[in-house]
Amino acid sequence: HEIDFAVHSLKDVPTVLEEPFELVSFLERAPVRDALITHEHGGLATLPQGATVATSSVRRARQLLFLRPDLNIVDIRGNVTTRLEKLAGDPNIQGIMLAEAGLLRLDYKIAQGFRVAHETLHAECLEPAIFLPAAGQGAVAMEVRKGDTAITEILQKINHLETQIRVIAEREFLRLLDAGCHTPVGVWSRLTDGQLTMNARVFSESDQTAMPTHSQVSGTDPIATGQALFNALT
């Protein structure tokens, strides 16, 4: 009871919250794409055979290897600026993976290339139909204590309904998977004229050689569509 609400990057919020809390408002979603940052132009298709790419995300690592099995994936830690500086200062790393939303919020000029530690780095934003984002990626959520109607009413005035519908469906899919933020699963949703379309790609946590399962569904109710996406996994 020391604060009225908490602001979160939604993709890092547990799928099931502790009982006293709930998410009641979502800002308009930023772009959901993942970005590959490299020393040279060309992106994923022009990385040399056996190139080293750094990421702390198992979802990004598994999808990179799904698309380019020859790549060498290594771990990287630190905030966005620290990771960019590590790439700029290390010729043994050919690329790193970051969220497009994070780069935009820090005012990096993705389309133009940007200077980091005396080097110009280049970004390729990977299309979500090919490289599926994390559930909730690009979304900011507000968390309150259940029953705090005064704060909830205030926060709902800035709620973005389309974002809310999409992320509720994505999080319901994760809940049924019993998946958290470290599970190698990608989910892509879009809402057009009230029709919600979702794609999922799920990798085995225990078998890194297994092919992923996929599903695609459409619906109007976010909870039911998230459940249908789970049931359609093949």
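A pocket here is an open set of grid points with protein on both sides within 12 Å along at least five of seven lines. In this predicted model, the largest pocket holds about 660 Å³ of space. The second largest pocket holds about 340 Å³. A search of the whole structure also finds two aromatic pairs, and the charged end of Arg190 sits over the ring of Trp188.

**Largest pocket**

- The largest pocket, with about 660 Å³ of space, is lined by 31 residues.
- Closest to the centre of this pocket are Lys11, Asp12, Arg60, Ala99 and Gln137.
- Two or more lining residues come from each of strand 1 (6-9), helix 1 (58-67), helix 2 (80-89), strand 6 (95-99) and helix 3 (100-105).
- By residue class, the lining of the largest pocket comprises twelve nonpolar, twelve polar and seven charged residues.

**Second largest pocket**

- About 340 Å³ of space lies in the second largest pocket, and 13 residues line it.
- Thr15, Leu17, Leu23, Ile168 and Arg171 are the lining residues closest to its centre.
- Strand 2 (21-26) and helix 5 (161-177) are the elements that give two or more residues to this lining.
- Helix 5 supplies the largest share of the lining of the second largest pocket, with five residues.
- Seven nonpolar, two polar and four charged residues make up the lining of the second largest pocket.

**Aromatic pairs**

- The whole structure contains two aromatic pairs.
- In the pair of Phe66 and Phe203, the ring centres are 6.0 Å apart and the planes stand at 75°, so the pair is edge-to-face.
- Phe66 belongs to helix 1, and Phe203 to the loop between strand 11 (195-202) and strand 12 (213-219), so this pair ties together parts that are 137 residues apart in sequence.
- Phe66 counts as partly exposed because its relative accessibility is 28%, whereas Phe203 counts as buried because its relative accessibility is 6%.
- In the pair of Tyr108 and Phe114, the ring centres are 5.0 Å apart and the planes stand at 50°, so the pair is tilted.
- Both Tyr108 and Phe114 are buried.

**Charge over a ring**

- The charged end of Arg190 lies 3.7 Å from the centre of the Trp188 ring, over which it sits.

Note on methods
Residues numbered from 1 in each chain as written. Predicted model: local features only at pLDDT ≥ 70, side-chain atom pairs only at ≥ 80, totals over all residues. Heavy atoms only, no water. 1 Å grid on protein atoms, 1.4 Å probe; cavity = no way out; pocket = protein on both sides within 12 Å on 5 of 7 lines; lining within 4 Å. Points joined across faces, edges and corners; volume = space filled by probe spheres on them. Helix = DSSP H or I, 4+ residues; strand = E, 2+ residues; numbered from the N terminus. Nonpolar A, V, L, I, M, F, W, Y, C, P; charged D, E, K, R; others polar. Phe/Tyr/Trp six-rings, centres within 6.5 Å; stacked < 30°, edge-to-face > 60°. Buried < 20%, exposed > 50% of the residue type's maximum accessible area, 1.4 Å probe, protein only. Lys NZ or Arg CZ within 6 Å of the ring centre and 35° of its normal.
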